[in-house]
Amino acid sequence: MKKLFLFLLLSSLLPTLAMAGELTGFIGVEGRLFLNPPAHEAQRRDNGSLSLAPEYYHEFDADSSFTFAPFLRIDGSDEERTHFDIRELFFLKVYENFELSVGLRKVFWGVTESQHLVDIINQNDGVESPDGEDKLGQPMIATSFSRDWGTVDLYLMPWFRERTFPGKKGRFRTEPVVDSDNAIYEKSAEERHIDFAARYGHYIKELEFALSHFSGTSREPSFILDLKDGRAVLIPYYEIIDQTGLEAQYITGEWLWKFEGIRRSGSNSTSGGSYYAATAGYEYTFTGVRGTYMDLGLLTEWLYDDRGASASSPFENDLMVGGRLTVNDISDTQILAGMIVDIDENEQIFFLESSRRIGEKIKVTLEAGFYDLPDNSRLSAIRDDDYIQLGIDWYF
Amino acid sequence: MDGYGLQLLRLIILALLIMPATAFAITPEERGLEIAKEADLRDTGYGDFRAEMRMTLRNRHGKESIREIKSSNLEVPGDGDKILSLFERPRDVKGTAFLSFTHKTGPDDQWLYLPALKRVKRISSANKSGSFMGSEFAFEDISSMEVEKYTYKFIGEKPCGELTCFVVEYDPVDKNSGYSIVETWIDTEEYRAQKVEYYDRKRSHLKTLTYTGYKKYLDKYWRADEMFMQNHLTGKSTKLEWANYKFKTGLTDKDFNKNALKRAR
């Protein structure tokens, strides 16, 4: 409730600020239909929700600006999914070949599509969607240097954001449910531990590459089974890690060859000291399919984690195959569909993401996920959560 | 007149006789290249410019859709241009930005920025025949014109409106081009493209591009206010209207890198 009040307060400030800057964003309505009744106690079956994602931008002069992008979702079933976040709130100053920003930001690292191993700056907004693509705003002081020999980014992150998890009424949750209010940290500084990251990226002709390192609180928690009010709960445990990442992409004609690899080390048992993980694959694009303006991309990626069966990720030796259809019509119709298949186990996940614009300001999205998972799968808690999701976003 | 003088006179007469003959002996290929080079030369030295573009897509049934783009261009001496295009409208793609480094030879470098994910994607430039934003313009139609990208053949001079035009066949060097021949009409007065006829790989007459409303900037550089592309095979068309041209705005390389792409507004 306090968060909601804060949101309303900030929102009421927006129109006054808008006099000087630019206010854009969208209001969304989303409905999720689940094909099976819920597997866990207290879970609701289907749900509807509303979201609001405004963005205010103000330019002081050509080289300095202010961005503010709050986010609010009100969910009909899960009180944990009803949440407010500040995705971005930062000042940016640009100098000759140098950039400085202070505040909450979103940063993306990586080249692959099926999973984002290297991408580590922002925490997952785990209640938003099961794919982990939604992120929480990360407080930081960030600098970026651009030179002929590449770009160097340095990040100092003075505050850690805990991952969000669906509540007991929500779908896509673990059993027992995660108690996100009582997280435990390896270091006594808890959220106030100062994290650092650095990345060097460059390109040489058709080769694009980046090397990065992160030192700080792992964005991915492990879990400790505990009791709360006589009920079993999972308590997130955040350890201190070091992660080195390599990204590379090479273009030959219509082929994009992609690689992402990480080495992560930490004191905790989940990482067992240290481990390697990688995603490697390609995307091939047919331009102008059958004389139309349609582009069809075929994707294949191999997902690997050297911890094997003890990996915290379900993708320890999996293959993703998919297709991306860009219709290139007036409505910008796009469809991405595919599946991730476990090479060793009988685990299969099917996914669909599509969107098209209606008129000038409305975008309709259709998403779906189907899970074919055995009882002993690490993802078995969501095996009954096959879903179809329809969203309508109105842009302003 | 002594022997030496007579010999000199003969030589001069001979030279005068030969000269027009050599000028006439220039092949259509050489003449085509000459025109393309002259047109390129006349548009050299602008440094940089910014402009706003409004794109109206129209389907066969007359249904229209509008896109708006802010464009920044930097001339790179000895190579192609650097272009940053920022999408403003429709609203759902606002903030999406496209960065392209054109090269005289070899593939262009292209990056796309997706603001919702904060993701910069290096994309393949092999899809040059693909549609730009669902319009009738292919990527290769909007990328910077480099002399080295075609071989040429001069066809002749023909009237074009109130002007006379050189008609030159451009044959794309790149096998990824969607065209067999691009017939370009360039006016003889100012060397401005007035009309372009595109023929696809099957030699069918695919599209016609018409330039109107030429204005002169910095007392030298001509830019058309409107470019209209008609697709003859589908009946669809795209109109580009350009406004607020500003030349020599002080843009440099730092305005055309990945950081600039991410912060473009």
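Reader: How many residues does the contact take from chain A and from chain B?
Author: This is a predicted model. In it, the contact takes 46 residues from chain A and 43 residues from chain B.

Reader: What area is buried between chain A and chain B?
Author: About 3700 Å². Carbon and sulfur atoms give 45% of that.

Reader: Which residues in chain A lose the most area to chain B?
Author: A:Tyr293, A:Ile330 and A:Glu360. Together they account for 18% of what that side buries.

Reader: How many salt bridges across the interface of chain A and chain B?
Author: The rule finds eleven. One of them pairs B:Lys258 with A:Glu208.

Reader: How far apart are the closest N and O atoms of B:Lys258 and A:Glu208?
Author: 2.4 Å.

Reader: And residue pairs in polar contact, how many between chain A and chain B?
Author: 21, counting pairs with both residues at pLDDT 80 or more.

Reader: Which elements give two or more residues to the side of chain A that touches chain B?
Author: Strands E1 (22-34), E2 (47-61), E4 (83-95), E6 (138-147) and E13 (240-252) of chain A.

Reader: Which gives the most?
Author: E4(A), with four residues.

Reader: How do the residues on that side of chain A divide into nonpolar, polar and charged?
Author: There are 13 nonpolar, 13 polar and 20 charged.

Reader: New topic. How do strands E18 and E19 of chain A run?
Author: Antiparallel. Eight bridges join E18 (residues 334-342) to E19 (residues 348-358). As one pairing, A:Ala337 has A:Leu352 in E19(A) as its bridge partner. A hairpin of five residues links E18(A) to E19(A).

Reader: How many bridges join E19(A) to E20?
Author: Eleven, and these strands run antiparallel. E20 of chain A covers residues 362-372. There, A:Asp372 is the bridge partner of A:Gln348.

Reader: Which residue takes a positive phi in the hairpin of E19(A) and E20(A)?
Author: A:Gly359, near 70 degrees. That hairpin has three residues between the strands.

Reader: Now the open sheet of three strands in chain A. What order?
Author: E8-E12-E11, with mixed pairing. The edge strands are E8 (184-185) and E11 (222-228) of chain A, and each pairs on one side only.

Reader: E8(A) and E12, parallel or antiparallel?
Author: Parallel. Two bridges join E8(A) to E12 (residues 231-238) of chain A.

Reader: What is the bridge partner of A:Ile184 in E12(A)?
Author: A:Tyr237.

How values were computed: Residues are numbered from 1 along each chain as its sequence is written. Chains are lettered from A and ligands numbered from 1 in the order in which they are written. This is a predicted model: local features need pLDDT of at least 70, side-chain atom pairs count only at pLDDT 80 or more; totals for chains, interfaces and linings use all residues. Side-chain values use heavy atoms; hydrogens and water are left out. Two strands pair if DSSP finds at least two bridges between them. Contact means heavy atoms within 4.5 Å. Buried area is the accessible area (1.4 Å probe) that two parts lose on being put together, summed over both. A salt bridge is a side-chain nitrogen of Lys or Arg within 4 Å of a carboxyl oxygen of Asp or Glu. A polar contact is a pair of N or O atoms within 3.5 Å; within protein, one must be able to donate a hydrogen and the other to accept it, and residues adjacent in sequence count only if both atoms are side-chain atoms. Ala, Val, Leu, Ile, Met, Phe, Trp, Tyr, Cys and Pro count as nonpolar, Asp, Glu, Lys and Arg as charged, and the others, Gly among them, as polar.
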